[in-house]
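Good morning, and thank you for making time for this presentation.

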Amino acid sequence: MAVATQSHTRTGPPEPYLASEGQPVSVPKSIWQYAALPLSEQATNDDRWSAIAPEIRRRPRENTNRWRVGWPAWTRPQHKSSPLVGRESLLFELHRALRETARGAGGCVVLEGAAGIGKSRLLEAAAEAAGAAGVTVAAARAIELHFAAPLTTMRSLLQSVAPSGLDISGIDEADQNPQWWIDRIGERIEHYVRSRSLLVVLDDAHWADELTALALRILVPELSSSPVLWLLSRRPAPTRGYAQEAIDWLISEGATRHELRPLEDDAVFELCTTLLGATPDASVLATAHRSGGNPFLLEQLLTTLCSAGQVRVTGGTATLVGDELTDDFLTAVDQRLRDLSEPARRLLDAGAVLGRPFSVHEVAGLLEQSAIELLPTVQEAVSAAILVDDGAELAFRHDLIREARYNRLPGPVRRALHREAASVVQQEGRSPVEVVEHLVRAGGHNDALAVSVLRQAMTQIAPTAPNTAADLILRTLDLISEHDPARPRLIADAVRLLALAGRVVEATRLGEGALHAGLEPDDELELLLGLAEAANVMGHSAEVVQYTSRAIARVAETDPIRAELLAIQAFALLDDMNDAAADEAGAAAAALGASTGEYAALVCGISARSVGARMRGDLEAAVSLGSDAVRITDRVGGESRRRHPRLWLAAALTAVDQFEEADAALVADQREADRLGTTWAQPRWYHHRTTLRIAAGRLDDAVTEAETGIRVTEQLCAPAKSLPLLTILAQLAIQRDDIAAATEYLRRARQIVADGHTAGADDVAWTDAQLREAVGEPPAEALRSIAPLASDARLRTALLTRDPTAGPRVARMAIAGGDLELAEAMSTTARQIADRNSGVPSLAGTAAHTEGLLHRDIDSLRAAVDAFRTGPRPLATAAGLEDLAMLEGGAGHRSTAVELMKQALRLYADCGAKRDAARAQRGMRALGVRFRMRPGSVGRNSGWESLTESELRVVRLVAEGLTNREVAEHLFLSPHTVDSHLRHSFAKLGVKSRVELARRVLIRDGRAS
């Protein structure tokens, strides 16, 4: 078949795409130096893209050394690629994204379309354009078996960086700690792109493994302010999986999605002309349309017709001759391969079953031949451009050919080949995951081997890929007998892994079914543990108590596992507000943990007792117990560190107004979590950090921490963990007078509760009451949401120790609604807590403030303000000043009232409490004074003046060239929080990249050239 080297002339894309007269200048050594360049020089650099774009499309595809820059060798075809036609607009968009990356902006682009539609060809063009313009390229292709091999896809990407490699030494051994591994990769990439731009290309991303999918969820948004462009291709549904869900999430977060549709008629005409070297007539075009506009299928169809002598070229026109026409791609492939020898076709069948690039030795073993005997057959398949040979492994030129061959295999033959493949790959030392995958596809016949290999695979992948491990178990369960003795333990493992992966409904259904079927005591205990973990993930505290109680009844008094069960139960009882039973369970867990050396249970039990003491208002005990748990952890280390006792200590320290100590505990815990890669603790860490920021009156920072925490729960696929953060964000939105946002946050929180997450339902009710009040509903409606507070002292105590300002607010709401009983109850509880913790200023102030509102007692409000002034809570102080001002005004002390209201107004404004500030201004007007706030203090949403102090600190450090992790280390923040501050700063300043941000800082400081 003749292949033309000239492209058919078509109308070009918009003018910015066309070549420039200017000569490109050399790339600056650092993107930070680029930021300081005059804008004219920056523009000259940008012109390189205009010069490269048309040439990439027209360049002959014979230079295979440049094909797919950075792809592993086996992905490079040993033939000319088909021309890129009908995709000019998409190519223009990719080049525009590359230009933005060269300027320093990050981003993510997803190409979506059916197999053979041209995604890989576009990736090739983008990578070649990037390489020609000096942008570093990392490129790889995921394959189907990658889904069961954690980190495989990401490792392939990182090891392919060209022309100058990315150093990942020293972090490859961290497979058992996925979060640590991903964080270190992000750190290395951040350092790498300080002096260059990077294009990361992942073809067939839908096959990526679970841990790579998690890495994409985290790294793509985290590196969005750095010059890193992620270019992913995927097939659409019904191909589903962890990677597809991750890509869907990235698109929802702002990644650009381009759908590749079938070629239009003029593009089909052009491709036929180019491939045939002649103008196609109506007969050729009619047959070409059988490809459905799919360029790869069209190429295969024309290749088959030409090789069969069914295309004749006369006078520059190509005509179809003969009657043997193909009906579909499978038939086209069969016809394409019919000239191959029978041994070559059997070689392709064996390679299709292996499902990945394969060695000659492997396929020889599967065919029961020697590798030397097979070499001529391999050469035949390579010469026919069906297989690609890079000297080490063989691969199909296109996965569509492999799939077509695989799907043509009769079921019994396919299963037999998979059974033989399991043995071959096991002998070759391949991953147990791959072995068990072949056993599963073989359909059983060796239960003992399947279970044995599955155990090996579980050890390898469960810590980093619970979804994948759980799926392997579920598929293996379909193969083994209902009476197989290994079955109950496999079910217990599956339940635990499904819970860990967030698939709680599946876990519960599977576990409950096994329990009803009857189990041996040891197997039942394992299953109950798994079900307790599943219920704990969902926040179904009553079910956690039920499962742990059943399990505890089945273990001896001195069994170490009993301590773990008691500790889990203690926290579930706290969620059910049963603090007395929780304290008993926590004490028993601690005692048994100490005597058996189960220090993780010991620390967990003490921490549960600390939380219970705080909920009861015994804050001295809460701090003491929390400190004990931290001391034990620091002394014994080990698994106890993963219980993160500093989280609970920080909550207790916040409750007693020791904000600096609480912040230090959270900083230390964040560093510990970073070292351990502990994922479950992250949402709780952001929750406590947010609570501390609110208490300190730093509402903007609190919003940043809460939003970051919610994004982390989305990345971890653990939406239920976002419940407390959603209620806090709703309350913050009310304070910032953003009722629409508050309504949406509360809607999402209610949905989680409706799904059965009982822990945190009280927070939802309290937030609902505040929102009803904010939108002007009658006080009775708001009070209905918090009705249980009137009769349950435990709820009131827990609320006040979490948020002391809730006392006066509930009292004010109750008085307005005529519910003096509730107001009196809140006042009594606030006084009891204050008396029990006499050294805490905010608690004394809360008690006096609530009493002052209830009795309209000016002396009590004065005492409240005096107490608040000695503490660290500016919003509590402002609320006390506001209420005191109103009583002072009512008593005829106008000048005093005005001064007090001014002080309240300034505090509200400084904290960013827009709604409270507006109410205080109305209070000033009621006192007959119009007080004008200083410019920029409230309500500014853009420009330098709108940046918070925290954002300014981050911006200036980033402008100096520090990475997110370096900034985080400098400011004692998490890298995720730094990223959130940057996102807010970019939006406020109207910039897209760190480079642009650096230039704006240089201009503002008068240092730009």
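This is a predicted model: local features need pLDDT of at least 70, side-chain atom pairs count only at pLDDT 80 or more; totals for chains, interfaces and linings use all residues.

**Cysteines, sheet and helix packing**

The structure holds zero disulfides.

A disulfide is a covalent bond between the sulfur atoms of two cysteines.

I turn now to the chain as a whole. The protein chain contains 48 helices and ten strands. It has 1009 residues, and 58% of them count as buried. When we take contacts between residues at least 6 apart in sequence, 69% join residues at least 24 apart. The accessible surface comes to about 39,500 Å², and carbon and sulfur atoms account for 50% of that area.

Next, the sheet. Five strands form an open sheet in the order β2-β3-β4-β1-β5, and their pairing is parallel. At the edges are β2, residues 136-141, and β5, residues 256-259, each of which pairs on one side only. From one strand to the next, the twist averages 15°.

How many bridges join β2 to β3? There are six, and the two strands run parallel, with β3 spanning residues 198-203. Within this pairing, arginine 141 has aspartate 203 of β3 as its bridge partner.

Two helices that pack on this sheet deserve mention. Helix α3, residues 88-102, touches β1, β3, β4 and β5, and its direction makes about 150° with that of β4. Helix α5, residues 152-159, touches β2 and β3, and its direction makes about 145° with that of β2.

Finally, α3 also has a helical partner. Helix α4, residues 119-132, packs against α3 at an angle of about 35°, and the axes are 10 Å apart. The crossing of α3 past α4 is right-handed. Which residues meet in this packing? From α3 come Leu90, Leu91, Leu94, His95 and Leu98, and they meet Leu122, Ala125, Ala126, Ala129 and Ala130 of α4.

Thank you for your attention.

Conventions: Residues are numbered from 1 along each chain as its sequence is written. Side-chain values use heavy atoms; hydrogens and water are left out. Helices (H or I, at least four residues) and strands (E, at least two) are DSSP runs, numbered from the N terminus. Buried means under 20% relative accessible area, exposed over 50%, partly exposed in between (1.4 Å probe, protein chains only). Contact means heavy atoms within 4.5 Å. Accessible areas come from the Shrake-Rupley method with a 1.4 Å probe; for residues, only the protein chains shown count as cover. A disulfide is a pair of cysteine sulfur atoms within 2.5 Å. Two strands pair if DSSP finds at least two bridges between them. Axes are lines fitted to C-alpha atoms, for helices over the stretch in contact, and angles run from 0 to 180 degrees between N-to-C directions. A crossing is left-handed if the near helix is turned anticlockwise from the far one by less than a right angle, and right-handed if clockwise.
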